[in-house]
Amino acid sequence: MSLITYSTEPWDEIKLEILPLWQSHWAEISDPEDADYIPLDPDWDEYQASADCGILHITAARSSGALVGYAFVFVKRGLHYKSTLLAHFDLYWVEPAMRGPWVGVRLFQEVERAMRARGVMKMTNRCKTWCDVSPIFARLGWKQDESGFSKFIGD
Amino acid sequence: MKHFTQIAQGVDTVPVINALANHAELWNQNTRRTTFDGTPHAEVDDIWLRFNEDKGQFDSAFADDLEAVWYPAASVLLPARQIVADLMSRVWGERLGRIILTRLRPGRRILPHKDIIGKYASYYSRYHVSLCGLPGSIFRAADETVTMRTGDVWHFDASAEHEVVNNSADDRINLLVDIRCP
């Protein structure tokens, strides 16, 4: 099993490496019913803007220097909870070959550590029904408090 | 952050790296830090540029000795001394303590430990100049972690338990500089 380390990393470095992983990520978890209509097309400028104003947090997982996983989190005050700092997961993923019993757990633990250090009060996250990682959430003390729905109307 | 404070970026490290490439024989001429029983630095390579004068006694008096002298390697690795001089100026340093070049190969680690905060560590502040640092090189102190990138300079509080894991693709080479600051 390869050594994997987890740490906060800046967007300006991650952006140089992230696209191949995002492509694999998208291939694995995109909705098969609309993937032909909704291609992967990251808004690099928006990510840059979020990083520049400190909203974007990235925890990277690396093995021998190579990026093998990540969690992207937006940290900001809630529209309805202005006095409360919230963390909303944008996306998370680990290369299939690097997945092990504790990899996802440790990735989320490192995010949680960083969020606590920033004063975040609550984190929110989600997972695809066809790529269920809820056992990891349960192990880490998360609770399910919402169900997500989507409807493709672009046909 | 409580234990790490970044004080500079973009230091030109190439002259030192070049000097090291031309003088590989300097590594591990002084191994006291890396070979004593239970050392957390067993996987590290060192070059001592400035340290307590070696009188053959390595006891608590040696550890607490505030006076440091230049070692022969400092006459060879002159670009490192330039970095130290610039750092002294930047932090308004009043006195220069020990200076060590330390290398951690990929896949190696410095085990968790706390530095003994005796007379010496209470007197000097510890600075790290990263001469080679890539993503995946993790420096943890208590609940904080940083990756010191090439050219970064950090003040580091060694009183907390700390460890290093070099999970990057290249050596981690740091210049450790102890400076008495106002």
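Modeller: Gladly, and please keep in mind that this is a predicted model.

Biologist: Then let me start with helix 3 of chain A: what makes you say it is hardly covered?

Modeller: The count of buried residues among the nine residues of helix 3 (residues 44–52) of chain A is zero. A residue needs 20 or more other C-beta atoms within 10 Å to be called buried. Helix 3 of chain A is followed by A:Gly54, whose phi is positive, near 85°.

Biologist: How do you know that the length of helix 4 of chain A agrees with what it should span?

Modeller: Helix 4 of chain A covers residues 103–118, which makes 16 residues. At 1.5 Å a residue they should span 22 Å, and the end C-alpha atoms are 23 Å apart, so the two agree.

Biologist: Which residues of helix 4 of chain A are buried?

Modeller: They are A:Val103, A:Gly104, A:Leu107, A:Phe108, A:Val111, A:Ala114 and A:Met115. These residues cover an arc of only 130° around the axis, and therefore they sit on the same side of helix 4 of chain A. As background, an α-helix has 3.6 residues a turn, so residues three or four places apart point the same way.

Biologist: What covers those buried residues of helix 4 of chain A?

Modeller: The cover includes strand 1 (5–8), strand 2 (56–63), strand 3 (66–77), strand 4 (85–94), strand 5 (122–124) and helix 5 (134–139) of chain A. Just after helix 4 of chain A, A:Gly119 takes a positive phi of about 90°.

Biologist: Which residues have a positive phi although they are not glycines?

Modeller: A:Ser64 is one of them, with a phi of about 50°, and B:Trp92 is another, with a phi of about 55°. A:Ser64 is in the loop between strand 2 and strand 3 of chain A. B:Trp92 lies in the loop between helix 5 (78–90) and strand 4 (95–104) of chain B.

Biologist: Why is A:Ser64 called partly exposed?

Modeller: A:Ser64 has 17 C-beta neighbours inside 10 Å. Buried starts at 20 and exposed ends at 12, with partly exposed in between, so A:Ser64 counts as partly exposed.

Biologist: And B:Trp92, is it buried or exposed?

Modeller: B:Trp92 has 9 other C-beta atoms within 10 Å, and therefore it is exposed.

Biologist: What makes A:Glu9 buried?

Modeller: A:Glu9 has 20 other C-beta atoms within 10 Å. The cut-off is 20 or more, so A:Glu9 is buried. A:Glu9 lies in the loop between strand 1 and helix 1 (11–14) of chain A. Leaving aside neighbours within four places in sequence, A:Glu9 is in contact with A:Ile14, A:Ile58, A:Ala60 and B:Pro135. The C-alpha atoms of A:Glu9 and A:His57 are separated by 7.9 Å, although these residues are 48 residues apart along the chain.

Biologist: Why is A:Asp145 called exposed?

Modeller: A:Asp145 has 6 C-beta neighbours inside 10 Å, so it counts as exposed. A:Asp145 is in the segment after helix 5 of chain A. C-alpha to C-alpha, A:Asp145 and A:Thr124 are 9.4 Å apart in space and 21 residues apart in sequence.

Biologist: Where is A:Asp155?

Modeller: A:Asp155 is also in the segment after helix 5 of chain A. With 6 C-beta neighbours inside 10 Å, A:Asp155 counts as exposed.

Biologist: Let us turn to the nonpolar cores. Which residues have the most contacts inside the largest one?

Modeller: They are B:Leu49, B:Ala73, B:Ala80, B:Val129 and B:Val177, in a core of 40 residues. Strand 2 (residues 44–51) of chain B gives the most to this core, with five residues. Apart from it lies another core, of 22 residues, among them A:Ile4, A:Val68, A:Tyr92 and A:Val111.

Biologist: Last, how many residues of chain B are in contact with chain A?

Modeller: 13 residues of chain B are in contact with eleven residues of chain A. That side of chain B has six nonpolar, six polar and one charged residues. As for confidence, the model scores ipTM 0.72 and pTM 0.84. The mean pLDDT of chain B is 93, and 99% of its residues reach 70 or more.

Notes:
Residues numbered from 1 in each chain as written. Chains lettered and ligands numbered in written order. Predicted model: local features only at pLDDT ≥ 70, side-chain atom pairs only at ≥ 80, totals over all residues. Contact = placed C-beta atoms within 7 Å. Nonpolar A, V, L, I, M, F, W, Y, C, P; charged D, E, K, R; others polar. pLDDT = per-residue confidence, 0-100. Helix = DSSP H or I, 4+ residues; strand = E, 2+ residues; numbered from the N terminus. Expected span 1.5 Å × (residues − 1). Arc of directions from axis to C-beta. Core = buried A, V, L, I, M, F, W, Y, C linked by C-beta atoms within 7 Å.
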